[in-house]
Amino acid sequence: MRLAVSRSGAILALASLLQACGGGGSSDGVPGSGSRARVSISATDVSVSATPGEITPVRTVTLTATNPPPAGLYVEGAYSAAGIDTIDFVGNSATQGTLTITFRSPGSMQNGTYPDTVELRVCTEQPCVNQVSGSPLTVRTSYVVSGTGT
């Protein structure tokens, strides 16, 4: 899968194409070509907390594709940035990828709760026009910064 990440409408990064192995029928949703591709994620809600002086929180979410087409899938991502610093996506195999969410350094934040949303659109082409079943995927995050640090 390839990831095109956008924040405020700008494309920031691309990750590698997750290639499906060949064989059998296609699963790209084209009539008569096999089963439809479907995607899911391991978590839809991610909560982290930190105190100034602690290390920057990082969390991962696994994206799983079932019946990906032989040409692979593309992933476009957009996120808000109240508490999120960056997101990155890496295709681990023909059917899985890892979304890494890196939050802002707690030392750079005021005490408070910072909600964000990451939206992933998974498609059979880029730019993303034809989403596969299960897309879009939404991950809601909550980042709580509290305390005075050390």
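The protein chain contains zero helices and ten strands. Here helices (H or I, at least four residues) and strands (E, at least two) are DSSP runs, numbered from the N terminus. The order of elements from the N terminus is β-β-β-β-β-β-β-β-β-β. The model is predicted: local features need pLDDT of at least 70, side-chain atom pairs count only at pLDDT 80 or more, and totals for chains, interfaces and linings use all residues. Residues are numbered from 1 along each chain as its sequence is written, and side-chain values use heavy atoms, with hydrogens and water left out.

Of the 150 residues in the protein chain, 38% are buried. Buried denotes under 20% relative accessible area, exposed over 50%, and partly exposed in between (1.4 Å probe, protein chains only). The chain exposes about 7300 Å². Carbon and sulfur atoms supply 50% of that area. Accessible areas were computed by the Shrake-Rupley method with a 1.4 Å probe; for residues, only the protein chains shown count as cover. Among contacts with a separation of 6 or more, 70% join residues 24 or more positions apart. A contact requires heavy atoms within 4.5 Å.

In soluble globular proteins, nonpolar side chains tend to be buried together. The largest nonpolar core in this model has 28 residues. Such a core is a set of buried Ala, Val, Leu, Ile, Met, Phe, Trp, Tyr and Cys residues joined through side-chain atoms within 4.5 Å. Leu99, Ile101 and Val118 have the most contacts inside the core. Two or more core residues come from each of β3 (38–41), β4 (45–50), β5, β6, β7 (84–91), β8, β9 and β10. Leaving aside residues up to four places away in sequence, isoleucine 101 touches Pro57, Val58, Arg59, Val61, Ile84, Thr86, Ile87, Val118, Val139 and Thr141.

Two aromatic pairs were found in a search of the whole structure. Phenylalanine 103 and tyrosine 143 form a tilted pair, because their ring centres are 5.3 Å apart and their planes stand at 55 degrees. Rings of Phe, Tyr and Trp (its six-membered ring) pair if their centres lie within 6.5 Å; planes under 30 degrees apart count as stacked, over 60 as edge-to-face and the rest as tilted. Phenylalanine 103 lies in strand β8 (residues 96–103) and tyrosine 143 in strand β10 (residues 137–145), so this pair ties together parts 40 residues apart in sequence. Phenylalanine 103 is buried at 0% relative accessibility. Tyrosine 143 is likewise buried, with a relative accessible area of 0%.

Tyrosine 143 also pairs with tyrosine 114. This pair is tilted, at 6.4 Å centre to centre and 50 degrees between the planes. Tyrosine 114 belongs to strand β9 (residues 112–123) and tyrosine 143 to strand β10, so the pair ties together parts 29 residues apart in sequence. Tyrosine 114 and tyrosine 143 are both buried. Phe103, Tyr114 and Tyr143 form one aromatic cluster.

The structure holds one disulfide. The bond joins cysteine 123 to cysteine 128, with an S to S distance of 1.5 Å. The criterion is a pair of cysteine sulfur atoms within 2.5 Å. Cysteine 123 is buried, at a relative accessible area of 0%. Cysteine 128 counts as buried at 10% relative accessibility.

Proline 68 sits in the loop between β5 (58–66) and β6 (74–79). Its relative accessible area is 14%, so proline 68 is buried. Proline 68 and valine 39 are 29 residues apart in sequence. Their C-alpha to C-alpha distance is 8.8 Å.
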